[in-house]
Amino acid sequence: MPGDSAQSTSLPAVSRRTALKGVAGLAAAAGATGLLSACGSDSKTSTGTTSNAATGPVTFGSNYSDPQPKAAFAALCTAATSKTSEQITINTADHNTFQNNISNYLQGTPDSLATWFAGYRLQFFAAQNLLSPIDDVWDKIGGNFNDAAKSLSKGLDGHYYLVPIYNYPWVVFYNKSTFSSKGYTVPTTWDDFVALAKKMQTDGLVPLAFAEKDGWPALGTFDIINLRVNGYDNHIKLMKHEIPWTDPSVTAVFNQWRELLPLCQKGANGRIWQDAAKTLENKQAGMMFQGSNQVAANYAASNLADLDFFVFPEINPAYGTDYMDAPTDGFILPKKGKNAGSAKKVLEYIGTPEAETTFLQTDHWDVGLANGLVAPSYNAIQKKSVAEIAKCKNVSQFMDRDTVPDMATAMIKLIQSFIDNPTAANIASIQQSAESQAKSIFAS
Amino acid sequence: MVDTTTRTPASPMATPRRRRGRLRVLTRRDKFVVAAMLGIPLLLEAAFVWFPALATVALSFTKWTGVGGVQMTSCASLPSAPGIPQPGCLYGVQNYHQVFTNYPDFWPAVRHNATWLLVFIVIATPLGMLFAVIIDRGIRGSRIYQSILFLPVMLSLALIGIIWELIYSPNYGLINTIIGRNHNDNLIAWLGNPHLNLWALLVEATWRQAGYVMVLYLAGLKSVDPALREAATVDGATTWQTFWRVVFPAMRPINIVILVVTVIESLRAFDLVYITSNGNPLRGLELLSVSVTQNIVGETQRIGFGSTLGVVLLVISLVPISIFLFQAFRREER
């Protein structure tokens with residue numbers, strides 16, 4: 001889960017504050033509405049109702065459990081309170097725990113609002129009737145977003161279910177100093193890319209830092225090669241299993257990838273992505289393909305100025321560099337949450353460029369989605385991210401957000417096996433296995 | 001209780017009738033106490049062991065994402081949209097069919113569980129016994145050795161997993177750094193290589209298990225009557241013979257406990273793999289217990305399918321449990 005990654009360093013840091021927040025969350029979840037109204041709210045009438053008009057204190061279920069996003073989110077909520085004069089209590093849960101419990105959470109006593117992700121992961125829960133549509137919110141904020149952001153926020157039924165806050169691009173990162181000292185130039189085609197990587201190898205660098213122990217990073221490589229070779233529509237059809245995994249177009253993706261594998265860091269299946277990013281930061285590696293939310297976030301502030309990126313080079317001229325993975329995070333309105341009226345007012349505020357600016361104040365790797373937003377706090381990487389995402393004709397979310405999560409899990413295993421053994425025979429058996437699992441996962 | 005015994009009729013009556021007679025003479029209060037003392041544990045056992053177990057068996061015949069309830073209709077008769085889950089429905093033996101024929105983790109998991117058990121029985125447990133015997137002989141510094149070997153047992157398995165993850169890490173780990181295999185062209189992927197990682201984890205597990213067995217065995221050895229050994233020595237037995245012919249048979253109860261502990265520890269192997277793989281087992285580390293949680297816990301849940309794997313694990317676990325209980329009860333009857 002690409003969205004998790006900035007947060008999912010191996011040891012969850014439990015600070016005393018987190019623990020206290022957790023206790024507060026428990027108390028709130030246990031129905032201690034008295035506690036909430038004690039926080040200075042004036043409305044006591046609406047607790048217990050879920051009607052759209054209900055107003056009252058808003059609770060916000062958050063998975064921003066790491067210190068930095070947590071602080072950014074707290075700043076956003078403070079700003080929302082001062083703008084809308086709605087009281088907001090934040091209930092933070094550990095990032096992975098929040099996700100693993102999401103279906104119980106949404107069916108139990110969810111908060112008025114919650115953090116979530118765009119794409120299939122949104123549609124999946126919307127289609128099961130666990131989220132409230134927020135078309136009326138979008139009537140007000142619609143003008144702030146482009147069509148790509150709009151379609152990401154909709155369920156399969158065409159109604160809106162999400163207000164996006166930020167996204168980030170999956171691109172090829174490199175150190176400017178390495179490129180200038182060795183005289184490398186940014187490749188724009190596949191052949192240039194492979195040639196550059198081979199040059200790096202002879203120069204004693206690891207051409208592409210690569211890690212796959214976490215399971216998801218290599219899904220991003222599959223995504224981008226599929227987007228470059230077969231285009232966005234084909235990729236999404238494959239994700240929805242409208243194209244079989246045994247299709248020759250999938251074989252083409254693996255064959256393309258095979259050319260690159262000898263140039264990638266060895267032993268990827270046993271390495272966490274943070275270690276791969278460290279290889280790049282230490283200039284032992286020349287390039288690394290991953291999300292800015294991970295690579296840039298993992299860089300020391302002093303090295304960040306040296307970091308730059310280019311979009312994954314063109315493979316098939318028919319599709320150029322028109323697409324990329326740019327996972328989007330945002331906020332949902334759980335159907336069983338309380339005080340939906342007030343919650344919608346908060347969402348209306350969050351869907352503005354100024355709210356995104358507030359949120360991104362301390363964030364140096366994600367970018368807001370509002371039209372033309374260039375927050376004053378943006379660094380060079382962020383400014384370039386905005387420009388490159390805007391150039392895309394379409395952005396996909398990431399394999400584990402565009403398909404059924406079980407299918408993404410199955411693909412993790414198969415891609416790890418591909419990395420261990422990238423032979424034609426293994427590719428064939430991987431495709432067979434992917435298809436037979438897809439049949440059972442997508443089975444009616 | 002005192003007055004019940006005094007009122008109990010004398011013994012010559014037949015056993016079943018005597019029992020019924022005893023029940024009749026219990027006071028109301030005694031009956032209440034007996035009912036409470038039997039009923040409460042029984043209720044707890046039913047609620048927390050039998051109900052979940054039976055519910056798992058029932059769920060293994062359904063398809064359910066955990067959203068809404070389970071309808072008593074067949075999945076085939078419900079409408080479906082690709083990629084959007086149906087409400088919970090009856091799925092027949094489809095899950096079992098999937099587990100045995102299509103689920104790629106299943107057979108590797110069975111194999112790895114068996115390997116785990118084998119390594120524990122052949123290496124970890126004998127190693128612990130060896131440590132115990134050596135320490136029991138009172139070599140110099142035995143207390144220090146004892147503490148060092150027992151230390152891993154005091155760490156939680158999760159912590160052990162994290163410690164060893166740092167040791168095995170490919171570029172920055174202890175082992176690769178010391179042996180100089182941390183460069184891109186020669187590094188050893190201890191945890192990434194599917195032929196290597198199970199053994200790497202078994203080293204971690206053995207590290208702890210040996211200490212655990214050592215302590216159990218040491219306690220057993222201390223309770224063996226020294227006169228037995230002296231007698232053996234007087235009869236001219238060597239140390240080797242004394243241990244295998246005299247001490248080992250005398251420790252039969254402890255040996256059985258250790259065997260049971262070993263089997264149980266290997267069937268419930270889970271923590272190390274879960275920590276090392278962050279929940280989604282790496283290739284080469286599939287285990288039945290991890291497969292169960294992987295399907296049941298998570299953002300989208302395949303509860304029916306996960307329950308099926310749980311039932312398979314239950315059936316496998318029943319074999320050693322039954323053997324042990326059978327043995328235990330037979331001994332009691334004797």
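# Domains, sheet and chain contact in a predicted model

The domain assignment of chain A gives domain 1 (2-168 + 328-390) and domain 2 (170-325 + 404-441); such bounds come from an automatic or database domain assignment. Domain 1 of chain A puts 14 residues into the contact between the two, and domain 2 of chain A puts in 16 residues. Two residues are in contact here if their C-beta atoms, placed from the backbone, lie within 7 Å. On the side of domain 1 of chain A that touches domain 2 of chain A there are five nonpolar, six polar and three charged residues. Ala, Val, Leu, Ile, Met, Phe, Trp, Tyr, Cys and Pro count as nonpolar, Asp, Glu, Lys and Arg as charged, and the others, Gly among them, as polar.

This is a predicted model, in which local features need pLDDT of at least 70 and side-chain atom pairs count only at pLDDT 80 or more, while totals for chains, interfaces and linings use all residues. Residues are numbered from 1 along each chain as its sequence is written, and chains are lettered from A and ligands numbered from 1 in the order in which they are written.

Chain A has 20 helices and twelve strands. Helices (H or I, at least four residues) and strands (E, at least two) are DSSP runs, numbered from the N terminus. Of the 444 residues of chain A, 53% count as buried. A residue is buried if 20 or more other C-beta atoms lie within 10 Å of its own, exposed if 12 or fewer, and partly exposed in between, with C-beta atoms placed from the backbone. Among contacts in chain A with a separation of 6 or more, 79% join residues 24 or more positions apart.

Strand β2 (residues 88-92) of chain A is mostly covered, with four of its five residues buried.

Helix α6(A) is also mostly covered, since six of its eight residues are buried. The buried ones are A:Tyr120, A:Arg121, A:Leu122, A:Phe124, A:Phe125 and A:Ala126. Their cover includes α5, β3 (113-117), β4 (162-167) and α18 (399-402) of chain A. After α6(A) comes A:Asn129, which has a positive phi, near 65°.

Next comes an open sheet of four strands in chain A, with mixed pairing and the order β6-β7-β5-β8. Its edge strands, each pairing on one side only, are β6 (206-209) and β8 (307-310) of chain A. From one strand to the next the twist averages 30°. Strand β5 (residues 170-175) of chain A and strand β7 (residues 285-291) of chain A run antiparallel and are joined by five bridges. A:Val171 has A:Gln290 in β7(A) as its bridge partner.

Helix α11(A) lies across β5 and β7 of chain A, at about 85° to β7(A). Axes are lines fitted to C-alpha atoms, for helices over the stretch in contact, and angles run from 0 to 180 degrees between N-to-C directions. The axes of helix α11 (residues 217-239) of chain A and helix α12 (residues 248-260) of chain A come within 8 Å and cross at roughly 170°. The two helices α11(A) and α12(A) are therefore roughly antiparallel, a term for angles over 145 degrees. Among the residues that meet are A:Phe222, A:Ile225 and A:Val229 in α11(A) and A:Val250, A:Val253 and A:Trp257 in α12(A). By class, this contact of α11(A) with α12(A) has eight nonpolar, six polar and no charged residues.

The contact between the chains takes 39 residues from chain A and 32 residues from chain B. On the side of chain A that touches chain B, the elements giving two or more residues are α4 (95-100), α5 (102-107), α6 (120-127), α13 (273-281), α19 (405-420) and α20 (424-441) of chain A. The largest share, eight residues, comes from α19(A). By class, this side of chain A has ten nonpolar, 20 polar and nine charged residues.

A:Gln416 is found in helix α19 of chain A. A:Gln416 counts as buried because it has 22 C-beta neighbours inside 10 Å. Not counting residues up to four places away in sequence, A:Gln416 touches A:Glu212, A:Asn269 and B:Arg283. A:Gln416 and A:Ala218 are 198 residues apart in sequence and 8.2 Å apart in space, C-alpha to C-alpha.

Definitions and conventions: Angles under 35 degrees count as roughly parallel, over 145 as roughly antiparallel, 65 to 115 as roughly perpendicular and the rest as oblique. Two strands pair if DSSP finds at least two bridges between them.
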